[in-house]
Number of protein chains: 2
Amino acid sequence: MPAHPTVIRPEAHAVFSPAGMGKSTLFTSSRVLVGVNAFEPGQAHALHAHAGMDKVYHVVAGEGQFLLEGGAQAMRAGDLLVAPADVPHGVRNTGTGRLVVLAILAPVPGGSSA
Amino acid sequence: MPAHPTVIRPEAHAVFSPAGMGKSTLFTSSRVLVGVNAFEPGQAHALHAHAGMDKVYHVVAGEGQFLLEGGAQAMRAGDLLVAPADVPHGVRNTGTGRLVVLAILAPVPGGSSA
């Protein structure tokens with residue numbers, strides 16, 4: 001976490017894993033976590049929900065689906081989705097290339113500064 | 001605020017004003033405010049700081065500068081900057097086209113649900 005703000009290209013911080021969705025953290029405080037979720041083709045983050053935390057997704061590169069209770073919505077670079085607290089959500093890379101999604105959680109899991 | 005999450009193109013919600021930076025809100029709760037800041041060429045949001053709130057900027061379209069204490073940093077679509085609580089920050093459209101920036105504040109100004 002830089003003492004002085006620095007311009008970041010989120011895709012440069014994507015970490016991919018053959019085992020499943022890769023996660024990396026760009027910034028965290030007690031108030032917000034800014035992370036990058038990285039998906040190889042076919043990988044997914046299963047439907048889940050966060051109690052007391054809102055999540056903002058912003059698609060950085062690639063295309064896929066937002067998983068939602070009752071269905072899925074197509075997404076591509078530039079799309080944004082807010083999953084309010086307790087609303088089930090997930091991501092699936094249905095494209096042929098890599099998918100990179102900015103994931104912002106407020107407040108942070110556990111509520112502690114890191 | 002939709003009861004069910006909906007995919008949003010932030011640039012479609014940009015509101016420009018001849019008087020200065022345009023602001024629109026995509027989502028708000030007690031935890032987070034997701035907004036769009038829109039700048040005509042030459043417009044700026046002067047250096048300012050938020051007590052107890054972190055701000056995440058993600059540039060959606062255009063190019064310009066992030067204003068920071070002691071200087072400025074060039075930015076363009078896809079760039080991200082986190083201004084932690086109490087750190088002065090701002091935006092200036094130094095380009096020839098419109099500048100659209102996603103601005104996420106956590107928690108929200110006033111700390112109340114809206």
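This note walks through the predicted model of a two-chain structure, point by point.

1. **Ground rules.** Local features are given where pLDDT is at least 70, side-chain atom pairs count only at pLDDT 80 or more, and totals for chains, interfaces and linings use all residues. Residues are numbered from 1 along each chain as its sequence is written, chains are lettered from A in the order in which they are written, and side-chain values use heavy atoms, with hydrogens and water left out.

2. **Symmetry.** A rotation of 180° with 0.0 Å of shift along its axis places chain A on chain B, with an RMSD of 0.0 Å. The superposition is by least squares on C-alpha atoms of residues with pLDDT of at least 70 in both copies. This is the relation of a two-fold axis. In chain A, the residue closest to that axis is Ala106(A), its C-alpha at 3.2 Å.

3. **Interface.** Chain A gives 39 residues to the contact and chain B gives 38 residues; contact means heavy atoms within 4.5 Å. Of the interface residues of chain A, 97% are also interface residues in chain B, so the copies meet through the same surface. About 3,100 Å² is buried between the chains, and carbon and sulfur atoms give 66% of this. That area is the accessible area (1.4 Å probe) lost on putting the two parts together, summed over both.

4. **Salt bridges between chains.** A salt bridge needs a side-chain nitrogen of Lys or Arg within 4 Å of a carboxyl oxygen of Asp or Glu. Asp54(B) pairs with Arg31(A) at 3.0 Å, N to O. This pair runs from strand 4 (residues 54–61) of chain B to the loop between strand 1 and strand 2 of chain A. Strands here are DSSP runs (E, at least two residues), numbered from the N terminus. Asp54(B) is buried, at 1% relative accessible area, while Arg31(A) is partly exposed at 24%. Buried means under 20%, exposed over 50%, partly exposed in between (1.4 Å probe, protein chains only). Asp54(A) and Arg31(B) also meet in a salt bridge of 3.0 Å.

5. Glu11(A) bridges to Arg9(A), with closest N and O atoms 3.3 Å apart. Glu11(A) is partly exposed at 33%. Salt bridges with shared partners link Arg9(A), Glu11(A) and Asp79(B) into one network.

6. **Core.** Which residues touch the most other members of the largest nonpolar core? They are Val34, Leu80 and Ile104, in chain A and in chain B, within a core of 30 residues. Such a core joins buried Ala, Val, Leu, Ile, Met, Phe, Trp, Tyr and Cys residues through side-chain atoms within 4.5 Å. Strands 1, 2, 7 and 9 of both chains each supply at least two of its residues. Leu80(A) has contacts in chain B, including Ile8(B), Leu26(B), Val34(B) and Leu102(B).

7. **His89(B).** Is this residue buried or exposed? His89(B) is buried, at 1% relative accessibility, and sits in strand 8 of chain B. The side chains of His89(B) and Lys55(B) make a polar contact of 3.5 Å. A polar atom of the His89(B) side chain also lies 2.9 Å from the backbone oxygen of Val87(B).

8. **Val108(B).** This residue follows strand 9 of chain B and is buried at 4%. Val108(B) and Thr28(B) are 80 residues apart along the chain, yet their C-alpha atoms are separated by 7.6 Å. Among the residues Val108(B) touches are Arg31(B), Leu33(B) and Met53(B).

Key:
A polar contact is a pair of N or O atoms within 3.5 Å; within protein, one must be able to donate a hydrogen and the other to accept it, and residues adjacent in sequence count only if both atoms are side-chain atoms. Lists of a residue's contacts leave out its neighbours within four places in sequence.
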